[in-house]
Amino acid sequence: MSTSTAPSQAGGRQDLDRTPRQGPKQELRPDRRRTRWHYDIIGLLAAVLMAFPVYWLVVSSLRPNHEIRSYDQTLWPSSLTFDNFARAVKQENFATAVQSSLIVSVTAVVGGMIIATLAALAIGRFRFFGRKALLMVLILVQMLPPTAMLIPIYAQLNAIGGLDEYWGLIVVYLVSTLPFAVVMIRGFVVNIPVELEESAMVDGCTRMGAFRRVIFPLLAPGLAAASIFALVNAWNEYLFAYILINDNSKYTLNVWLMTFTTERGTDYGALMAASTLIALPVVVFFMIIQKKMAAGLTSGAVKG
């Protein structure tokens, strides 16, 4: 009995010796705590600086015009009014501007996501000549500033009759968001095991059926993140809409804001109220889906 238990006891002591010992929880040194407080203060100041213009926009939309033009400005208005919002909604071509922004933005986002998904699937799944070069070109195109391409785009659209047309502006927005969307969605495609698609095809699905039932649901976070980027880009863009659209009845919301400036001056109260109304849908939508957007941005960047 003693000979049989001795090895077990010895082995038990060895196992105990191998067990990692957890020491007391180390606290941050005073210098590290001081550094962290410095970072917190810097982050708080940066947040205040970024949020202040938005705060001033909203507050100015609630001020009377005489208070906006006054030299004695305060952080909070002495009296609140909603007349600015009433004048903004009653401004000429408000409904047509909303319609134009919706047509251009929604069409550009939907069309861009369809083309980007097909391109990302081809780059991520198939091996063909020039695949890496194409991916490199997509990355390099994102580095070009939009103003550098303004004159060539204007000349090309003028040659094919795309000026003052919705489809001309839609093509510009669609093409401008394609490189980013293709690169992002490709990151999700390469993270999906090929065996899942092959198993679905063995079970009787066609390649398109396997894509619709297996690949597409797994690409949903990436499509959501890419579509949000495309929507914000199309909804808030001003330069191309101002240059390519000259018809007042086809102005987008950002170009429509110019109507508040006339020969008699600028209606700053209505302008601030209209700007708040334009920004509000995007801000609310972003706050609702910001967690999904963050998950989509990080999930597609793990591999590939």
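Reader: Why are α8 and α11 called roughly antiparallel to each other?

Author: Helix α8 (residues 166–191) and helix α11 (residues 220–236) pack at an angle of about 160 degrees, and angles over 145 count as roughly antiparallel (under 35 is roughly parallel, 65 to 115 roughly perpendicular, the rest oblique). The two are therefore roughly antiparallel. Their axes, 9 Å apart, are lines fitted to C-alpha atoms over the stretch in contact, with angles running from 0 to 180 degrees between N-to-C directions. The helices themselves are DSSP runs (H or I, at least four residues), numbered from the N terminus.

Reader: Before we go on, what kind of model is this?

Author: This is a predicted model, where local features need pLDDT of at least 70 and side-chain atom pairs count only at pLDDT 80 or more, while totals for chains, interfaces and linings use all residues. Residues are numbered from 1 along each chain as its sequence is written, and side-chain values use heavy atoms, leaving out hydrogens and water.

Reader: Which residues of α5 and α11 meet?

Author: On the α5 side they include Ser101, Ser105 and Met113, and on the α11 side Ala230, Ala234 and Trp235 are among them; contact means heavy atoms within 4.5 Å. The residues of this contact divide into nine nonpolar, four polar and no charged. Ala, Val, Leu, Ile, Met, Phe, Trp, Tyr, Cys and Pro count as nonpolar, Asp, Glu, Lys and Arg as charged, and the others, Gly among them, as polar. The axes of α5 and α11 come within 9 Å and cross at roughly 145 degrees.

Reader: Which residues line the largest cavity?

Author: Ser101, Ser105, Tyr173, Ala234 and Trp235 are among them, lining residues having an atom within 4 Å of a point. The most comes from α5 (94–125), with three residues.

Reader: And how much space lies in the largest pocket?

Author: About 550 Å³, a volume being the space filled by probe spheres set on the points. Its lining has 22 residues, with Met149, Val172, Val175, Ser176 and Thr177 nearest its centre. Here α8 gives the most, with eight residues.

Key. 1 Å grid on protein atoms, 1.4 Å probe; cavity = no way out; pocket = protein on both sides within 12 Å on 5 of 7 lines; lining within 4 Å.
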